[in-house]
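Keep the sequence and the 3D view open as you read.

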Amino acid sequence: MTIALVDDSVSDLNLLHDYLSRYCHDHHVYITIEKFSNEHTFLNSMQDKVYDLVFLDIYMKHINGIQLACEITKQDAKCQIVFITTSEEHAVAAYRVHALDYLVKPYSYADLEDALNHYERIAARFARYIELKEGRYRTRVMLSDIMYTDYSNHYIQVHTVSCIVRSYMSFDMFLPMLSPYANFLWCYRNCTVNMDYIESFSRKEFILKNKERIPIASARRQEVLQHYADYIFDHKSKGDLMS
């Protein structure tokens, strides 16, 4: 997810950036943030970049924020806009351009959090991640990139579409990191699979889209296969399974 911040006040830009960084940490989402103190520079950037959400000050030097919002929607009708300003007088005009929200300075972190929660409810999904310690460094792993995880010699191994991330920790400590997400299934001893990557299955194993095979615990076979069947039924009906 990419967010643009457009405000000619550097201090306000920095505060908003700090709040967004805090939101990422608190909610375990990954956001790319672009800051602009000039309206024309921002509009020019839209020729090459796609923004999911724009935080926009109404009182800008060269272009009124309402007019700028109209230009944004002309170029990208899917882009959502949150106005941030010092006055409520433009609230009606803001909603006429279908703004997602309207925050009045000085606003609190809780106000921003409410606006982002509102966005999350209408957006397909945030780019969520888990953070693991890999050697001396901490690594962010996008949930959508994880195919499966297993455990070997005291290391959690996270198998992604591009690499394997290894972190020294127990499986019992790692499992709660994935538990909140419905697409991850604990299918075998110390092993979880991302059901979005399953191509087919038999009584004994799942076959992933890259043809790797993930075993199914015999003692929990009925439970595991029923869980997978329920997930497929629910998500096919919503049309949001990965192709």
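## The antiparallel sheet

V29 has R128 in β7 as its bridge partner, and for Y30 the partner in β7 is A127. Two bridges in all link β2 with strand β7 (residues 127–134), in the antiparallel sense. For two strands to count as paired, DSSP has to find at least two bridges between them. The strands themselves are DSSP runs (E, at least two residues), while helices are runs of H or I with at least four residues, and both are numbered from the N terminus.

## Where the model comes from

This is a predicted model, in which local features need pLDDT of at least 70 and side-chain atom pairs count only at pLDDT 80 or more, while totals for chains, interfaces and linings use all residues. Residues are numbered from 1 along each chain as its sequence is written, and side-chain values use heavy atoms, leaving out hydrogens and water.

## The parallel sheet

Next, find the open sheet of five strands with parallel pairing, in the order β3-β1-β4-β5-β6. β3 (32–36) and β6 (101–104) each have a single partner strand, so one side of each is left without a neighbour in the sheet. From one strand to the next, the twist averages 15 degrees.

Inside this sheet, five bridges pair strand β4 (residues 53–57) with strand β5 (residues 80–85) in the parallel sense; F55, for instance, has V82 in β5 as its bridge partner. Helix α5 (residues 109–122) packs on the sheet and touches β1 (2–6), β4, β5 and β6. Contact here means heavy atoms within 4.5 Å. The direction of α5 makes about 175 degrees with that of β6, where axes are lines fitted to C-alpha atoms (for helices, over the stretch in contact) and angles run from 0 to 180 degrees between N-to-C directions.

## Two nonpolar cores

Which residues have the most contacts inside the largest nonpolar core? They are I3, L20, L53 and F55, in a core of 25 residues. A nonpolar core is a set of buried Ala, Val, Leu, Ile, Met, Phe, Trp, Tyr and Cys residues joined through side-chain atoms within 4.5 Å. Buried means under 20% relative accessible area, exposed means over 50%, and partly exposed lies in between (1.4 Å probe, protein chains only).

β1, α1 (10–27), β4, β5 and α5 each give two or more residues to this core, and the largest share, six residues, comes from α1. Apart from it lies another core, of 22 residues, including I58, I63, F83 and A99. In soluble globular proteins, nonpolar side chains tend to be buried together.

## A helix with a buried face

Helix α3 (residues 65–75) has G65, I66, L68, A69 and I72 as its buried residues. Seen down the axis of α3, these fall within an arc of 155 degrees, so they line one face of the helix. The arc is that of the directions from the helix axis to the C-beta atoms. An α-helix has 3.6 residues a turn, so residues three or four places apart point the same way.

At the N-terminal end, N64 caps α3, with a side-chain oxygen 2.7 Å from the backbone nitrogen of I66.

Most residues other than glycine have a negative phi, and most peptide bonds are trans. K105 and P106 are joined by a cis peptide bond, with omega about -5 degrees, and P106 is found in the loop between β6 and α5.

H154, in the loop between β9 (146–152) and β10 (155–160), has a positive phi near 75 degrees without being a glycine. K211 is not a glycine either, yet its phi is positive at about 80 degrees. K211 is found in the loop between β15 (205–208) and β16 (213–215) and is exposed, with a relative accessible area of 53%.

Key. A polar contact is a pair of N or O atoms within 3.5 Å; within protein, one must be able to donate a hydrogen and the other to accept it, and residues adjacent in sequence count only if both atoms are side-chain atoms.
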